[in-house]
Amino acid sequence: MISVACQLKSSSGYVLSMGAGAARRHADESCRTSVGSLSVIKRPPQPTIQTKTALFGDVLTAKHILTRALLSRRYCNGVHAESNYTAASGAQTHSPSPAPVSASAHPPAPAPAVNSLQSATGNTPVPNSSPTPADRNPVTNIKWNESQVSRRERERVLNQRGCIVWLTGLSGSGKSTVAYALDYALASRGKISYVLDGDIVRDGLNKNLGFSREDRAENIRRIGEVAKLFVDAGIITLVSLISPYREDRDRCRAMFPAGDFIEVYMKVPLSVCERRDAKGLYRLARSGQLKGFTGIDDPYECPLTPEITMEVRDDWGTAILPQEMAERVASYLEERGFFTAEGN
Ligand SMILES: Nc1ncnc2c1ncn2[C@@H]1O[C@H](COP(=O)(O)OS(=O)(=O)O)[C@@H](OP(=O)(O)O)[C@H]1O
Ligand SMILES: Nc1ncnc2c1ncn2[C@@H]1O[C@H](COP(=O)(O)OP(=O)(O)O)[C@@H](O)[C@H]1O
């Protein structure tokens with residue numbers, strides 16, 4: 001694999017000293033070689049994956065490669081002097097014969113606060129929303145490393161805007177069904193989403209949590225934090241959780257810019273959910289074998305001003321299918337510009 005930093009080490013300003021055309025050709029070659037090593041490109045035809053591959057190909061233009069080269073060069077004075085920045089993986093790899101590194105080498109200088117990819121592309125720089133090194137937590141001494149790829153850059157790659165669709169409602173109200181129908185509807189439009197479902201997350205990340213007030217709050221807090229990372233990655237993140245307490249939901253809402261948190265209230269009467277009883281839990285709760293079940297002997301606080309309210313029947317009394325509910329949310333997202341990188 002050709003490494004951009006290798007080319008730079010041969011003489012300072014090597015790439016810059018080339019004519020623009022030569023530099024572009026040179027970078028294009030690096031790009032092609034590096035991108036060609038990505039296994040995803042070799043996959044058999046899959047419409048969505050192919051679209052994404054093409055997008056990645058577009059994004060890794062010569063300008064971007066050059067920008068990365070410049071950033072790598074910046075680091076050549078410190079501990080990264082012997083590191084090669086591989087354009088395709090973005091990973092740091094060590095060269096076979098590393099240059100001597102000072103024992104007191106410090107981490108590389110912080111990346112510029114304004115995303116350099118955007119500067120290089122001539123677009124208006126957008127501040128990277130990631131915390132800067134100044135955000136070191138004085139208590140835990142944990143410090144964030146700052147990505148050189150901002151949320152905006154990722155959104156350009158995906159041609160969409162990240163956001164969170166938060167489905168809340170009683171057990172059996174259709175949260176998971178609608179979330180997965182929406183996931184499918186979005187994929188059909190070439191948009192990347194991901195479902196964070198209560199049952200699934202509780203089977204892994206949150207398997208140590210039960211259904212006490214505190215555990216539900218912690219469940220929601222963690223999923224909110226995970227969702228925040230997904231949104232930062234540009235993904236349309238679909239959360240399906242009972243999330244029965246307004247305070248917990250609103251705390252998550254407050255973690256996102258206005259407009260990026262879309263609360264969908266599954267306004268399905270308890271009687272309907274209980275009649276569905278897809279998991280048999282209402283029956284257990286009614287018989288007293290399951291304690292603290294939401295809607296039976298545990299509270300559910302409905303949203304006061306949700307962005308979207310889903311009811312089981314429309315104004316004419318016709319039952320609404322989950323796919324129709326999903327389409328309604330998809331239309332909402334499209335109208336608000338989440339299906340393009342630039343938005344409305
Ligand atoms: N006591 C009690 N109350 C409510 N729900 C219970 C309970 N015990 C188990 N389950 C099952 O757990 C699923 C809800 O998990 P959530 O993570 O969405 O709950 S919460 O948001 O933390 O309240 C929920 O899934 P859904 O039916 O999909 O909502 C139930 O299957
Ligand atoms: N719009 C709908 N109309 C009729 N039945 C539905 C609808 N949405 C979901 N269901 C059914 O209701 C049951 C519970 O749905 P589910 O998505 O598991 O709810 P939740 O995730 O809120 O617990 C399932 O059997 C599902 O097929």
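These entries record what I looked up around the two ligands of this predicted model.

**Conventions.** I worked with a predicted model in which local features need pLDDT of at least 70 and side-chain atom pairs count only at pLDDT 80 or more, while totals for chains, interfaces and linings use all residues. Residues are numbered from 1 along each chain as its sequence is written, chains are lettered from A and ligands numbered from 1 in the order in which they are written, and side-chain values use heavy atoms, with hydrogens and water left out.

**Ligand 1.** I found 20 residues around ligand 1, with S171, R202, R216, N219 and S243 coming nearest; a residue counts as near if one of its heavy atoms lies within 4 Å. For polar contacts (pairs of N or O atoms within 3.5 Å), I noted that an oxygen atom of ligand 1 is 2.5 Å from a side-chain N or O atom of S171, and that one is 2.7 Å from a polar side-chain atom of N219. The protein covers 92% of the 620 Å² of accessible area that ligand 1 has on its own, by the Shrake-Rupley method with a 1.4 Å probe. By class, I listed 7 nonpolar, 7 polar and 6 charged residues in this shell.

**Ligand 2.** Here I found 14 surrounding residues, the closest being G172, K175, S176, T177 and I320. An oxygen atom of ligand 2 is 2.8 Å from an N or O atom in the K175 side chain, and a nitrogen atom of ligand 2 lies 3.0 Å from a backbone N or O atom of I320. The protein covers 71% of the 560 Å² of accessible area that ligand 2 has on its own.

How values were computed. Polar contact = N/O pair within 3.5 Å; in protein donor to acceptor, adjacent residues only side chain to side chain. Nonpolar A, V, L, I, M, F, W, Y, C, P; charged D, E, K, R; others polar.
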